[in-house]
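The following note collects points for a colleague's review. It is arranged by topic, with conventions stated where they are needed.

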Amino acid sequence: MLELLQYQFMQNAVLASILGGVSCSIIGVFVVTMEIPFLGVSMSHSAFAGGILGLLLGIDPFAMALLFCLLSALLIGPVADKADFNPDMAVGIIFSIMLGLAFLFLAMIPGPKTEALSLIWGSILTVSRKDIVVMGIIAFIVMALLALFFKEIQAVIFDREIAASVGIPERPIYYGILFLSGAIIAANLNTIGGLLIFSLVINPAAAAYQLTYSLRNMFFLSGAFGVLSCFLGLFFSYIFNFPTGAVIIIVSSLIFFLCLIFSPKKRVKGVNIR
Amino acid sequence: MSVVVDIQNVTVSYRESVALRSISLRIEEGALVSVAGPNGAGKTTLLTAINGLGRVLQGSVSVFGTKMAGRTATGIRKEIGYVPQMLSIDVRMPMKVEEAVMLGRYGRIGFFKRPSPRDREIVSDVVDLIGIRDLLSRPIGHLSGGEQKKVAIARALAQEPRILLLDEPISDLDISAQQTILNLIDRIHEQKRLTTVLVMHHLSLLPGNCSRMILLKDTKVVFDGSVEDALNEDVLSRLYGCRLEIIKTEHGVIVQAKVNA
C-alpha cells in the first residue's frame, strides 16, 4: 500500500477518503440525531439529477449537482414546516421529484450514458486535484460552522421548539444544517457516488450513536469511523481488486454492526423507546 | 404595576383549527396567574401566543411593551422561560442533563461564545434549587417523565426569565414531587416576583400565591378574576360541563366531580 502512495491518483484517493469520510460522517450525526435518515438519499438524487442536467447542457456537472443539492436543501425545511410534515416526509417528496428529473434528463442525453451513470457509482481512484480542493474547502467550511454554532446546533438537535423558546433563531440554524448536508453530499458525489454516499452518511454516525451520550464525542467518533471506513475500503479494494465504493460501504456497515453488538446503550430500558 | 403581557383581540390557529378566538387580556408584572379549562380549550395555545411560538392570525401580542414578531420575538424569548407539557426525547439522545439545563442559557449567551463561569454558576444554583444535582451526569433520555419535568423547569429558570410559562408542570409527577414543584413555584414567585402563567388541571393544588384565575372554554376566555370567585361550584360545573363539588378544608379546597351527578 505504501509504495502506492507515490502515485498521484492514490494520494488523491487517500486525501479524498479523509475529506469525504470526515465530512459525510459529520452530517451523518445531524441525519441520525434528527431522525431524517433519507436526507442522504434525497440529496444524492438531487446531486445526480443536477449532475446529469449539467452533462446535458454542457455545464460543469459538479457545479450543477451542488446547485441542485442546495436547492433541495432549501426546499426540505420550508416544505416540512409549511405542510406540517415530519421532515422525512418532505425529504421523500423532494426525493421523488429529483428521481423523476434525473430519469427525465437521463433519457434526454443522446447516445451512451456512461458518464452520467458514473455519477451513480462514483470513483475514488479518478478524483482530480480540483475535486480534492473543492472537497477540502467544503469540509473546512462545515467543520468551522459546526465549531462556531455548536451550542445552537445542539439545541436544535435536542428539540426545535425548546431551541426557539430559549431565544435561539432555530429556523435559520435548522435550515442551515440541511443546507450544509446538501453541500457535503454534492461535494462527495464524484468520489463515492450518488447511491453509496447514503451509507457513508448513515453508518459511521449510527455506529457512533451506539457508543456515546455526548454529542461532541459523537461527532469525533463518527468522523473517525468515516475515515476508517474509507481507508480500509481503499486498502481492501486494492488487495482484492473490488470496486472501492462498495468495499467502503461494507466496511462502514461492519463497523456499525460491531458498535451495535458492543454498545453500552443496549442495556438501556425504560422510557420513550422508539 | 406595569403590564408585561398585553394581548389584544388575538386569534391563534393550531393547524387548520382556531385554538384561541378574539382573546384580550393583560398580565401585570409579578402576577401569578393560573389558567384552567377543559382539554382543547386553548390553554397551551395561550402560552405559545405569549412567547410567540403560536401562529397569531389576528390581533397583537406585546411583551414588555414590544410587539412579538419576527426577530424581535426571538430576542424577547430569551427572557421568557417556557416549560412545555411533554417532550418526547429519544432514549439515545446524546445529551446529559447538565447540558439540557445549560441549554436554557444558550439564547442569552449568544452566538460565538461559550458558557462562562457565571453561566455555570447560574445553572448550578438552579440545579440546587430544583434538587436535581444527582441527575446531572445522566443522559437526558433516561429520565422518568417527572424527572424530565424538573429538568425542563430548571432549564427555564436558567434563562433567568422575567416571565415563566408553565404548561401543566405537575401532570406527570408523583404526589411528593407535585408538592415540591408547587412549593418551588410559590417560593420563586415570592423571592423574585417572577411573572408566572401556570396552566393547571389540578384545581385543588393551585399555588398559594396565585391571585388570578383565567378559565378558557371552546377557545374563549369565560372567566377572568380572583381564585376565590373561580373556585365556585356553578362556575366550574359550567366550565367542565359536569357537576362538580368544592370541599373547603383548613388547608385549601378540594375540587371533585359529584358522584352520580
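How many residues of chain A are in contact with how many residues of chain B?

1. Interface extent. 34 residues of chain A meet 38 residues of chain B, where contact means heavy atoms within 4.5 Å. The model is predicted: local features need pLDDT of at least 70, side-chain atom pairs count only at pLDDT 80 or more, and totals for chains, interfaces and linings use all residues; side-chain values use heavy atoms, with hydrogens and water left out. Residues are numbered from 1 along each chain as its sequence is written, while chains are lettered from A and ligands numbered from 1 in the order in which they are written.

2. Interface area. About 3,300 Å² is buried between chain A and chain B, and 63% of it lies on carbon and sulfur atoms. Buried area here is the accessible area (1.4 Å probe) that two parts lose on being put together, summed over both. Within chain A, the most area is lost to chain B by A:Lys151, A:Phe158 and A:Tyr213, which together account for 23% of what that side buries.

3. On the side of chain A that touches chain B, α7, α8 (160-165) and α11 (215-240) each supply at least two residues; the largest share, 6 residues, comes from α7(A). Helices are DSSP runs (H or I, at least four residues), numbered from the N terminus.

4. A:Glu152. This residue sits in helix α7 (residues 150-158) of chain A. A:Glu152 counts as buried because its relative accessibility is 1%; buried means under 20% relative accessible area, exposed over 50%, and partly exposed in between (1.4 Å probe, protein chains only). Not counting residues up to four places away in sequence, A:Glu152 touches A:Ile168, A:Ile173, B:Gly110 and B:Phe111.

5. A:Ser252. Helix α12 (residues 244-261) of chain A holds A:Ser252, which is buried at 0% relative accessibility. The A:Ser252 side chain reaches the backbone oxygen of A:Ile249 at 2.9 Å.

6. Salt bridges within chains. The whole structure contains 14 salt bridges over all chains. In one of them, A:Arg171 pairs with A:Asp81, the closest N and O atoms being 3.7 Å apart. That pair links distant parts of the chain, with A:Arg171 in helix α9 (residues 170-192) and A:Asp81 in helix α3 of chain A, 90 residues apart. A:Arg171 is partly exposed at 46% relative accessible area, and A:Asp81 is partly exposed at 24% relative accessibility.

7. B:Arg105 forms a salt bridge with B:Asp119, the closest N and O atoms being 3.0 Å apart. B:Arg105 lies in helix α3 (residues 97-109) and B:Asp119 in helix α4 (residues 117-130) of chain B, so the pair ties together parts 14 residues apart in sequence. B:Arg105 is buried at 5% relative accessible area, and B:Asp119 is buried at 7% relative accessibility. Salt bridges link B:Arg105, B:Arg118, B:Asp119, B:Glu121 and B:Glu160 in a network.

Definitions and conventions
A polar contact is a pair of N or O atoms within 3.5 Å; within protein, one must be able to donate a hydrogen and the other to accept it, and residues adjacent in sequence count only if both atoms are side-chain atoms. A salt bridge is a side-chain nitrogen of Lys or Arg within 4 Å of a carboxyl oxygen of Asp or Glu.
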